[in-house]
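Subject: Structure handover

Hello,

Here is the structure for your files. Please open it beside this note; the findings follow below.

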Amino acid sequence: MKATGIVRRIDDLGRVVIPKEIRRTLRIKEGTPLEIFTDREGEIILKKYSPIGELSIFAREYAEALSHTTGYLACITDHDQVVAASGAGYKELMGKEISPDLEELITNRETKCLNSKEKGRIAVISEEKEARAGQVIYPIICEGDAIGSVVLMGREEKESMGDTEKKLVQTAAEFLGRQMEQ
């Protein structure tokens, strides 16, 4: 654990303000759910809550099935990071922070189905210099909230995404959303 040197007092309602610098660095916005942990030494740990994180094993298996079926790189994200990935190059994505463009796409509940020659392709992770070849992106909706996305990506420029890939990704996103509701 890293000390920040910042001290805050608890107000009369039991609230503590998380400093703006920390919220910005960790991408915590108003309404972001936080999970609270305690330990025996009296430490309180706040962690961003990821509902998809609860399904990480299931999400990984779904990504593997999607990748195996299509031959493309498949990944499943929450609002912050890639929680599951499978296919050629999956190690480059696993656990990485998603790009601001993908986060905005999820928030706006937008769907993308773009081929390698089309403009508007989106980098999946912040570290990517340019977006991959063809891609299909579909938001995961759970109880009315956009909580993540399912992404299918080609590796080569000649690969194209069509209605079949779009339906597969839509099915995956809707299935994962329903699993979260149970």
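**Cysteines**

Cys 142 counts as buried because its relative accessibility is 10%. Buried means under 20% relative accessible area; exposed means over 50%, and partly exposed lies in between (1.4 Å probe, protein chains only). Cys 75 is also buried, at 0% relative accessibility. The structure holds 0 disulfides. Cys 75 is in none; its nearest cysteine sulfur belongs to Cys 113, 15 Å away. Cys 142 is in none either; there the nearest cysteine sulfur is that of Cys 75, at 19 Å. The cut-off for a disulfide is a pair of cysteine sulfur atoms within 2.5 Å. As a reminder, a disulfide is a covalent bond between the sulfur atoms of two cysteines.

**How to read the values**

This is a predicted model: local features need pLDDT of at least 70, side-chain atom pairs count only at pLDDT 80 or more, and totals for chains, interfaces and linings use all residues. Residues are numbered from 1 along each chain as its sequence is written, and side-chain values use heavy atoms, with hydrogens and water left out.

**Overall picture**

The protein has 4 helices and 7 strands. These are DSSP runs, numbered from the N terminus: helices are H or I with at least four residues, strands are E with at least two. Their order from the N terminus is α-β-β-α-β-β-α-β-β-β-α. Along the principal axes, the C-alpha atoms fill a box of roughly 60 × 35 × 25 Å. Of the 182 residues, 36% are buried. Among contacts with a separation of 6 or more, 51% are between residues 24 or more positions apart. A contact means heavy atoms within 4.5 Å.

**Strand E7 and its partners**

Which strand is largely enclosed by the rest of the structure? Strand E7 (residues 145-153) is, because 8 of its 9 residues are buried. E7 pairs with strand E3 (residues 73-78), antiparallel, through 6 bridges. Two strands pair if DSSP finds at least two bridges between them. Within this pair, Ile 76 has Val 150 of E7 as its bridge partner. E7 also runs antiparallel to strand E6 (residues 135-142), joined by 8 bridges. Here Val 136 is bridged to Leu 152 in E7. E6 and E7 form a hairpin with 2 residues between them. In that turn, Glu 143 has a positive phi of about 50 degrees.

**Ser 67**

Ser 67 sits in helix H2 (residues 56-70). Is Ser 67 buried or exposed? Ser 67 counts as buried because its relative accessibility is 8%. Leaving out residues up to four places away in sequence, Ser 67 touches Tyr 72, Ala 74, Ser 86 and Gly 87. Ser 67 and Leu 152 are 85 residues apart in sequence, yet their C-alpha atoms are 7.9 Å apart.

**The E1-E2 hairpin**

Strands E1 (residues 34-38) and E2 (residues 44-48) pair in the antiparallel sense over 5 bridges. Thr 38 stands opposite Ile 44 in E2. The hairpin has 5 residues between its strands, and Gly 42 takes a positive phi near 90 degrees.

Best regards
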